Amino acid sequence: MAEGDFEIPWSPYIYRESNRYYASVVGVVDVKNGTFTVIPLKGSKYWPRVGDTVLGMVEEIELYGWTVDIRAPYPAYLPASSLLNRPVTAGEDLRRYLDVGDYIVAKVEVFDRTTNPILAVRGSDTGKVTDGTVVSISPSKASRLIGRNRSLLNTLVSMTGCHLMVYPNGMIHMRCPSSAQEEAIKGAISLIEIEQESHISDLTEKVRRFIASKLGEANVSSSAEA
Amino acid sequence: MSVTSDRLQTIVSNVKKASILKALERGVRLDNRKPDEYRPLSITLGYAKKADGSALVKLGDTMVLAGTKLEMDEPFPDTPNQGNLMVNVELLPLAYETFEPGPPDENAIELARVVDRSLRDSKAVDLSKLVIIPGKKVWSLWVDVYVLDFAGNVMDASTIAAVAAIYNTKLPKVEVNGEEVKVLTERTDVTPLAYPVVTLTAAKIGNFVVIDPNLEEESIADAKLSISYTPDMRIVGIQKSLGGAMKLEEIPQIEEVTRKAASRLFSELKNTFGIA
Amino acid sequence: MLAAQQRPRLIDERGLRTDGRRPDELRPIRIELGVLKNADGSAIFEMGNTKVIAAVYGPKEMHPRHMALPDRTVLRVRYHMTPFSTDERKNPAPSRREIELSKVIREALESAILTELFPRATIDVFMEVLQADAGTRLVSLMAASMALADAGIPMRDLIAGVAVGKADGVLVLDLNEAEDMWGGADMPIAMMPSLNKVVLFQLNGTMTPEELRQALELAKKGIAEIYQLEKKAIKEKFVEVS
């Protein structure tokens, strides 16, 4: 992929042998500002990054917190004190706040080689998910949706009038005005998932045509953003 | 299922690792051997008195006892003029602190199959010599190799032990009356071994290659390459093991070193132990 | 039980092999990725009549925890032949051969997968031989390599491998069943071609040291060809060459 001596942030998708750099996964090489990174094209696992906000599902209730599935190779842990903003009282029933099967949006606070990811609920963009619908795509597709080129994401939002939150771990939370729009956007997301296409512009066009056919041109919302 | 395991649980300290590498830079090993030298070898033939043939082999601290047993059998339908050879290797719980009792694991099976292939593919064991009545009665030669002390390179030691035990085996005298075979107590002086076979294992440690790795060297090695030879220097088996990779060009280089060591080992087997 | 067979002629007057190939010709290859829904990655790899399906699960947390390794991933690798994959029914219980090959294949994958990236986790690799016609360990290893790429698991390189043998004294590339059974040598070798590194290497049969060097050269050429097809399959999800 490259030869020489570069200062690049560590990535599981690039490895180095003497002065040569190799991609370790099937992906797209993104070159900018004299540095480069690899965006993976395949893979259903999310590699946790400290600072990411992710959406996960509660798997287990522990003594002082919850085990959350964030679609990573390791299960994440959310301390109850983080959600409740106070220490936990002994014998408290944590199910009142978050039960198995609930969705929670949280920040990845800690993650290194010695520990599983630890989550924190901090800020208005985190917390329990109480409405709308959650679907999933592969994390690699999700990062491309929320990457530099937002045209695809904007098309989904503007054509359906749905409120859409795409998380880097491949989870998507949507709130749509009606079921017709929700079906249309779910279909479009399936299309994006199967699509081998690496050119976003072609994919955007395909999605545009799909949603138009589903909703009928007349019913497509104008770009009023909720 | 094969599972990555740390079954040896030998943690060679980083300091030790560094000193092994430093020594190799100067062309020596921590036990004062040169990179192409194998450890002191001792062979005691006939060690297990009830076996048909046996040998106790010590290669450095590694100790292996092999015994043979002959059984009269019918030949396999597709090889009516051949006897049978079966090789089994066991890594006894005696041999290492973390070895557990149980059926042979993948390491023991790999050892057995590599030794078997060396003996079979080289025709070092002449299966046609094991025929009593063609198509009806043959000898089955069971070779059981028991590793008693696991101290590095049990592969080469096991091959030597198997070869020596077979060399030590003399076929019993038989009386054939039509279809009846009577096995007598006297022995012939016929051994099933046509000629010896040796296996030389090279371990790759960083950029260095050492022959006959001891336990520490084996624990830090990236990869091992075991090559088997006949006395006329035909290659009769190769097995790469351990989870590291080696450059393609390194293979012929390593083969040169193993071949020279094999030549020395054959001389020692012949001159010191009479095995030829 | 097979009746005692007459040893056939492996190379004819025109220098061609029992299946009409030249000594340096590969069998037809077919590769397909993403064939299973549940697995994180999967692939079917065919070379001639040898056909293997591989599935990968992971990386995921290791259970039981005490078997996990603190600094790398544990690979759990299983090579297995279906009972109907061979001429005579093969007993489904794992044979010693399958146990040895599972180990040899796992060690090959250990060199390629960046196992330092996922400490305390495990990656499961399962290979089933659906049709066996020589070269099953290599086709299985390559199917596994494609399945790992399909799962997006970081690796140093794809793995490509081929078996070189001796048929009537002639070195031949990509053994077929007859050459495997009656030939003088069988040398399976697999590499990470971009790095020029060997990850699997065995020999049974006999070769002179000179033949070994020639065989390695022949293998290198075959591996380079297969590698190109593998890269194409990754891009297109499917590739077939007859």
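Two strands count as paired if DSSP finds at least two bridges between them. The exercises below apply this and a few other cut-offs to a predicted model.

**Exercise 1. What is the strand order of the open sheet of three strands in chain A, and which are its edge strands?**

Solution. Begin with the order of the open sheet, which reads 1-3-2 in chain A, with antiparallel pairing. The edge strands are then strand 1 (2–3) and strand 2 (14–17) of chain A, each of which pairs on one side only. Next, look at one pairing in detail: strand 2 of chain A and strand 3 (residues 20–23) of chain A run antiparallel to each other and are joined over four bridges. Within the sheet, A:E17 stands opposite A:R20, a residue of strand 3 of chain A. As background, the strands of a sheet pair through backbone hydrogen bonds, in either a parallel or an antiparallel sense.

**Exercise 2. How many aromatic pairs are there over all chains, and how are A:Y74 and A:F111 arranged?**

Solution. A search of the whole structure gives seven aromatic pairs over all chains. In one of them, A:Y74 and A:F111 lie 6.0 Å apart, centre to centre, with 50° between the planes, and the pair is classed as tilted. This pair links distant parts of the chain, since A:Y74 sits in the loop between strand 7 (65–69) and strand 8 (76–79) of chain A, while A:F111 belongs to strand 9 (residues 103–112) of chain A, 37 residues apart. To decide whether each residue is buried, compare its relative accessibility with the cut-off of 20%: A:Y74 counts as buried because its value is 2%, and A:F111 also counts as buried because its value is 16%.

Now take the pair of B:F99 and B:F150, which is edge-to-face, with 5.1 Å centre to centre and 75° between the planes. Here too distant parts of the chain are linked: B:F99 lies in the loop between strand 5 (84–91) and helix 2 (106–121) of chain B, and B:F150 in the loop between strand 7 (137–149) and helix 3 (154–167) of chain B, 51 residues apart. B:F99 counts as buried because its relative accessibility is 9%, and B:F150 is buried with a relative accessible area of 6%.

**Exercise 3. Is B:T258 buried or exposed, and with which residues is B:T258 in contact?**

Solution. Locate B:T258 in helix 5 (residues 250–273) of chain B. B:T258 is buried, because its relative accessible area is 0%. Once its neighbours within four places in sequence are left aside, its contacts are B:L200, B:A202, B:I211, B:I227 and B:Y229.

**Exercise 4. How many residues of chain C are in contact with chain B, and how many salt bridges lie across the interface?**

Solution. Start with the contacts, in which 46 residues of chain C meet 41 residues of chain B. The area buried between the two chains is about 3800 Å², and carbon and sulfur atoms give 60% of that area. On the side of chain C, the residues C:R96, C:K103 and C:F201 supply 17% of the area buried against chain B, more than any other three residues. Turning to charges, the rule finds five salt bridges across the interface of chain C and chain B. The side chains of C:E100 and B:R113 meet in a salt bridge, at 2.5 Å from N to O.

Conventions:
Residues numbered from 1 in each chain as written. Chains lettered and ligands numbered in written order. Predicted model: local features only at pLDDT ≥ 70, side-chain atom pairs only at ≥ 80, totals over all residues. Heavy atoms only, no water. Helix = DSSP H or I, 4+ residues; strand = E, 2+ residues; numbered from the N terminus. Buried < 20%, exposed > 50% of the residue type's maximum accessible area, 1.4 Å probe, protein only. Contact = heavy atoms within 4.5 Å. Phe/Tyr/Trp six-rings, centres within 6.5 Å; stacked < 30°, edge-to-face > 60°. Buried area = accessible area lost by both parts, 1.4 Å probe. Salt bridge = Lys/Arg side-chain N within 4 Å of Asp/Glu carboxyl O.
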